[in-house]
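Welcome, and thanks for taking a look at this one with me. Please open the sequence and the model side by side, and we can walk through them together.

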Amino acid sequence: MIPYLIRRLGWGLVVLVGVMLITFLLTYVIPADPARMIAGANASPTDVAAIRRSLGLDRPFLEQLATYVANVLHGDFGFSYHQHRAVLPLLLERFPATAQLALAGLAIEVAIGLPLGILAATRRGGFWDRGATMVTVVLVSAPSFWVGYLLLEVVFQGHQSYGIDILPLGGGYKPFDLRYLFLPALTLGFGGAAYYNRLMRATMLDELHRDYVRTARAKGLQERAVLWRHALRNAIGPVLIQVGLDLGFFLGGVVIVEQVFSWPGIGKLAVDSIVTADVPLIIGTVLFGTLCIVTANLFVDILNAVTDPRIRF
Amino acid sequence: MTSPAKRLAAITAAMAIAVSACSGNASTAPEQSPTGSSPAGESATASQPTSIPQGGTISLAYASDFQHFDPAVMYDTVGIAAVRLMFDSPLTYDSGTKLVPLLASEMPTVSADGKAITIKLRSGVNFVKEDGSVLREMTADDLVYSLNRVLDPNLKPNPSPVASAFFSNIVGSADVLGGKAKTASGIKMIDAHTVEIDLDHADATFMNILATTFSAVVPKELATEDTAAFDLAPVGTGPYLLKSYTKGQQAVFVANKSYWQPGQPYLDEIDFHVGVDDNAALQQVEAGTLDILGDTIPSGSFTAVTTDPQYADQIVHHTTVATSYLSMDTTQPNDGPLSKLAVRQAIEEGIDKDNILKIQHGAGVVATCIFPPDMPGYDPSCNPYTYDAAKAKADLAAAGYPSGFSTTIYTDTTDPDPAIAAAIQQDLAAMGITAEIVTQEFGTFLGTIETPHAAPLVFVGWYQDYPDPSDFIDPILSCASAVSGGANAAWYCNKDVDTKAAAARAEALGPQRLADYQAIQKEIMADAPWVPLYHQDWYTMTSKRVGGFQIHPVWLYSIRDVYIKPGS
């Protein structure tokens, strides 16, 4: 177990360092002079040169890289050109918004996807199965920016035509206000729900065809008990793994949904940083996203290893 | 004053510059109109060569499409650039904010009681159809018709968004607005070239209304109640004609060879490309394949482009007649902290405006008072509070809040407004005030502002409707505007200021009136309802061959003044 953990940790680090290198190269690819961006449009060439020196931009590439890696390891992600603040506090400030959306979106995915999947598996080929498959195809095919704008339009029309005033129009954000959270979470949940439905159906069907289920039924166990106590328990494993992976992915920033609903999370920050060519912030958001995904992967692997006795190292 | 008009007026710092509509309704006394001495010169801009070259084609690109070409309902940035090519109003502005006659042959005369305005129109001005043929000569009857048309509640598909806000001071306008009459009794044709407009109460700002595109003269037989039809085939008296328009793609304007002003128009053709991404448009201007960037320089390219020496003579910018500010709820219920003057004054000292301006790439000037540069009455010496974080914290403690308090900042979702709100949040945190940020879509946000005491702190901006200082007091800082549905985000009401503002509005134009407005501004700032933050610059870029282009304080882009530089 311990060697396995060390190996996994090692690979996680390799991924992080790789991403760090690639993002660092961005500073050289993007046609924006960091010193000029920080100094502003009205600064004199002398000021710009002074900033360039103070940032160490006049030093050799490898030296700059080493400084950068050392800074990141010390939690210094650099200084945003556009917002004129350190990157890490900016990321941490945006994190609660993204965390709310991630958790709520995941909850909706699971709340819609799992029951549909179970229903489809237990009534294979019947109305529920076909219905669930159809819903799945629609949900999977509908891109989240489209679903998002559609939901916004529905709310807008409801307000214009019928005076319904429950949800805020056009998105926005208020900390821990469910009215603002509802539509973005629903949009995020819709796409994922379809995936969970399919996954749940497949793993459930897999389990329902196993010998122990036949034995349980032969013993005269009630179908409900067969389903919930035996089949579901075994089928839920892959689903839980997926939940863990999704959580890591979402926490890194939900780019499209946050953009559509002007949700001030990490994803929106990433888009804004790209629009404004704010290189330190671009690197910061990418690294943060990577860190979330790597951590989630690691966590899920460990959890899996601990809970599933079939896994050998 | 209806809310849609105001909604568009209270724009954000992102400055979707619109010809926003709102007007104060304070009663006014007689005021003599300014007399315009300059020739009816839309073309009288500062940097023109003695003889302006004629001919050629220029192109512009905008991200958004046109909403309307009909001046009665046109209400957006892209539209105003086009409508001012095709139509003329009785008055206009010189290269600054001075009113000058356009279709009027001289500045209108005002009766002694200030209620009757007589407009003498030029003769020899023709309506010209899109094929270049003359429809007929414009007469006073057309101005009478055009003004009544704006008031018409039956315009289809929608009535004019500014009818009640701008024109309800005309005698009899209520009957037209209410559908009881077709024409307002206060709009009278005296003879073929003279119109008299009677007002319910004297109001100097009505001259500014006569310069808006809503007062543009349209031909009766073509501009019917169906604005959608007139949008498709607009005909006016302006220097250019709409040759073709493909929705979502482009509109082509060609020279009106029968235009009444000698020497105009300068160009053969003007092509408006719409639906063009601003980054793509910028690249085209840099490459010289596009002449004018319709939108501002995109944020990501701003510093690179504006500091590149090779583009130095192609970057055009000017400070807009707008103020972005943090409003504080001066009458916060339950004895809230912001209801205390000392607390608001401490906050005035605690906001680092230079830092906020940096988020805007430094494109603008720090605001120290209410009126922006270019607004008559602008007072650069008005600077009652200076930034001092330590003093702000101490003053807040002295005001009874040594450990600060918790509050909320509201702003809209348009970038960079949330980032600016975050900068304000940091400054407040340094004073010990914990502020939560709520971002809302612009329409919802305005709803919040207009709901009494819903938002303790608001980051928002105000762009002029017309260049008169009353426009920065009456609609946003008067007692009348501190009501549900009003645009007074600070819920500020000072009866003394109200009385003085009503008197100033009634005064004759001139230095005394402006001095009175400056005194009012100082009195308001002493009450600290706002932290004025900055006046934003509009930055754009043209190709090397474009001449006569400037950012106009009222029109933003005045394309009819543009020509191609000799030798390019």
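The numbered points below go from the overall picture to single residues and then to the two chains together.

1. A word on the ground rules. This is a predicted model, in which local features need pLDDT of at least 70, side-chain atom pairs count only at pLDDT 80 or more, and totals for chains, interfaces and linings use all residues. Residues are numbered from 1 along each chain as its sequence is written, chains are lettered from A and ligands numbered from 1 in the order in which they are written, and side-chain values use heavy atoms, leaving out hydrogens and water.

2. Start with chain A as a whole. Its secondary structure comes to 13 helices and one strand; helices (H or I, at least four residues) and strands (E, at least two) are DSSP runs, numbered from the N terminus. Along the sequence the pattern reads α-α-α-α-α-α-α-β-α-α-α-α-α-α. The C-alpha atoms of chain A fill a box of roughly 85 × 65 × 30 Å along the principal axes.

3. Next, look at how helices α1 (residues 2–29) and α13 (residues 279–307) of chain A sit together: they pack at an angle of about 165°, with their axes 10 Å apart. Axes are lines fitted to C-alpha atoms, for helices over the stretch in contact, and angles run from 0 to 180 degrees between N-to-C directions. The two helices α1(A) and α13(A) are therefore roughly antiparallel. For such labels, angles under 35 degrees count as roughly parallel, over 145 as roughly antiparallel, 65 to 115 as roughly perpendicular and the rest as oblique.

4. Helix α10 (residues 223–251) of chain A deserves a stop. It packs with α8(A) at an angle of about 145°, the axes being 9 Å apart, and the crossing is right-handed. Residues in this contact (heavy atoms within 4.5 Å) include Tyr195(A) and Leu199(A) of α8(A), and Ala235(A) and Val239(A) of α10(A). By class, the contact of α8(A) with α10(A) has 16 nonpolar, three polar and two charged residues.

5. What angle do α5(A) and α10(A) make where they cross? Their axes come within 10 Å and cross at roughly 150°, which makes α5(A) roughly antiparallel to α10(A). This crossing of α5(A) and α10(A) is right-handed. Among the residues that meet are Phe95(A) and Leu106(A) in α5(A), and Trp228(A) and Phe250(A) in α10(A). The contact of α5(A) with α10(A) divides into 17 nonpolar, two polar and two charged residues.

6. Now for the charged pairs. The structure holds 32 salt bridges over all chains, a salt bridge being a side-chain nitrogen of Lys or Arg within 4 Å of a carboxyl oxygen of Asp or Glu. One to find is Arg201(A) with Asp129(A), whose closest N and O atoms are 2.8 Å apart. This pair links distant parts of the chain, with Arg201(A) in helix α8 (residues 178–208) and Asp129(A) in helix α6 (residues 127–141), 72 residues apart.

7. Some backbone details are worth checking too. Most residues other than glycine have a negative phi, and most peptide bonds are trans. His84(A), although not a glycine, has a positive phi of about 55°; it lies in the loop between α4 (61–73) and α5 (87–122) of chain A. In chain B, a cis peptide bond joins Lys156(B) and Pro157(B), with omega about 0°, and Pro157(B) is found in the loop between α3 (140–151) and α4 (163–167).

8. Finally, the two chains together. The contact takes 25 residues from chain A and 26 residues from chain B. How many salt bridges are there between chain A and chain B? The count is zero.

Terms used: Left-handed = near helix turned anticlockwise from the far one by under 90°. Nonpolar A, V, L, I, M, F, W, Y, C, P; charged D, E, K, R; others polar.
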